[in-house]
Amino acid sequence: MNRIDPKLAATLRQPHELVGAGLVSPAALPELERVAARYAVALTPEIAALIDTADPDDPVARQFVPSAEELVEQPGENPDPIGDDAHSPVAGIVHRYPDRVLFKLVHVCAVYCRFCFRREMVGPGKATALSDEAYRKALDYIHAHPEVWEVILTGGDPLMLSPRRLSRIMSDLSRIDHVKIIRLHTRVPIADPGRVDPDMVAALRSDGATTWIAIHANHPRELAPNERAACARLADAGIPLVSQSVLLRGVNDDAVTLEALMRAFVECRIKPYYLHHGDLAPGTAHLRTTIEAGQALMRGLRGRISGLCQPEYVLDIPGGHGKVPIGPTYLSQPASHERERSAEPRYRVVDYCGDVHAYPPVP
């Protein structure tokens, strides 16, 4: 396996740097320059080191190395595919569900995923961190809405902020009486594990609210020793960890890979949480699977791995209508003529092997 030595590389941000690292062909440079002019590119040394440069279909490269396919847009794709803007009462806040808000602090990431649903909004040249005035207005909004129990720090990646800045934000939020949970969504423990140092871990803890962290990874190779150690530093500090993954064609859309990923999460004390169906972001059709394929994978996982390893397969409905579970259905009602024979409701239940059972059992 040919891999880049992380000690010899800086973050790769330009297509010509990808060519120099052996990640793309020189012949692809003109088209990739066009991609990079629209969508941000960044591969940290740690991510680059995970890529097998001898494999043209490497699943880690597929997530981070730009492709000319990103220039092809399909009908239905949208720069704001999950409708953040429709639920943004003030800058930095998305209030889609009654008891929680997204707080978008920054618009930069350690790495830029090729499937990102906010790809039109993040990266160099886009909006940066909230101004002090916008930050205060966002806090005022949270103060004024006592139904907000949870604040989700996202962006961009909130762990791109300094520990000092993060500590101030955690303190400001924890002083709001009705905010009990502060959740951070991040790829930093995977993309830049050295950033998760004692100062960062200390900044993430709060006396007034409980901190949760959602770790984003899509392939088991991303949970290499340094990355596992970064996650362990968070877990050892008493911070609960959950996972977020996206179902991606050519990355994790097979049962063996998905099983290994979910087991790796659990081994790292990360509870599998969401497996997202790919959003309709522009230029991402080549990475999306079908919902039917995702449901089949989830049905397969049910019988082969522990319940601890089961994520919820979800679709974020375009237009800002929220997430819904779209996993396979195991329960159905029998035909009406069959129901009439029983005084109590009866159902058909399909087990993980595909066998059908009556519930309650037929005497």
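The following legends describe close-up views of a predicted model.

Local features are given at pLDDT of at least 70 and side-chain atom pairs at pLDDT 80 or more, while totals for chains, interfaces and linings use all residues of this predicted model. Residues are numbered from 1 along each chain as its sequence is written, and side-chain values use heavy atoms, with hydrogens and water left out.

View 1. Helix α5 comprises residues 132-143, helices being DSSP runs of H or I with at least four residues and strands runs of E with at least two, numbered from the N terminus. Its 12 residues reach 16 Å from the first C-alpha to the last, close to the expected 16 Å; the expected span is 1.5 Å times one less than the number of residues. The residues A134, Y135, A138, L139, Y141 and I142 of α5 are buried (buried means under 20% relative accessible area, exposed over 50% and partly exposed in between, with a 1.4 Å probe and protein chains only). Seen down the axis of α5, these buried residues fall within an arc of 155° and so line one face of the helix; the arc is that of the directions from the helix axis to the C-beta atoms. On the face of α5 turned away from the buried side are the exposed residues D132 and E133. The cover over the buried residues of α5 includes β1 (93-97), β2 (100-104), β3 (150-154) and α6 (163-174).

**View 2. The largest nonpolar core.** This core has 85 residues, and those with the most contacts inside it are F103, I142, L153 and L173. Helix α5 gives the most to this core, with six residues. A nonpolar core is a set of buried Ala, Val, Leu, Ile, Met, Phe, Trp, Tyr and Cys residues joined through side-chain atoms within 4.5 Å. A second, separate core of five residues includes A40, A42, C109 and Y112. Leaving aside neighbours within four places in sequence, F103 is in contact with residues including Y135, A138, L139, I142, L153 and L173, contact meaning heavy atoms within 4.5 Å.

**View 3. Two aromatic pairs.** The structure holds two aromatic pairs. Rings of Phe, Tyr and Trp (its six-membered ring) pair if their centres lie within 6.5 Å; planes under 30 degrees apart count as stacked, over 60 as edge-to-face and the rest as tilted. The ring centres of F103 and Y135 are 5.8 Å apart and their planes lie at 15°, so this pair is stacked. It links distant parts of the chain, with F103 in strand β2 and Y135 in helix α5, 32 residues apart. F103 is buried at a relative accessible area of 0%, and Y135 is buried at 0% relative accessibility. The rings of Y273 and Y274 are also stacked, with centres 4.1 Å apart and planes at 15°. Y273 is partly exposed at 27%, whereas Y274 is buried at 14%.

View 4. The 14 residues of helix α11 (residues 291-304) should span 20 Å at 1.5 Å a residue, and the end C-alpha atoms are 20 Å apart, in agreement. In α11, G294, L297, M298 and L301 are buried; seen down the axis of α11, the buried residues fall within an arc of 100°, so they line one face. They pack against α10, β7 (270-276) and β8 (312-317). Helix α10 (residues 255-267) contains E259, which counts as buried at 11% relative accessibility. Leaving aside neighbours within four places in sequence, E259 is in contact with L301, R304 and I305. A polar contact of 2.7 Å joins the side chains of E259 and R263; such a contact is a pair of N or O atoms within 3.5 Å, where within protein one must be able to donate a hydrogen and the other to accept it, and residues adjacent in sequence count only if both atoms are side-chain atoms.
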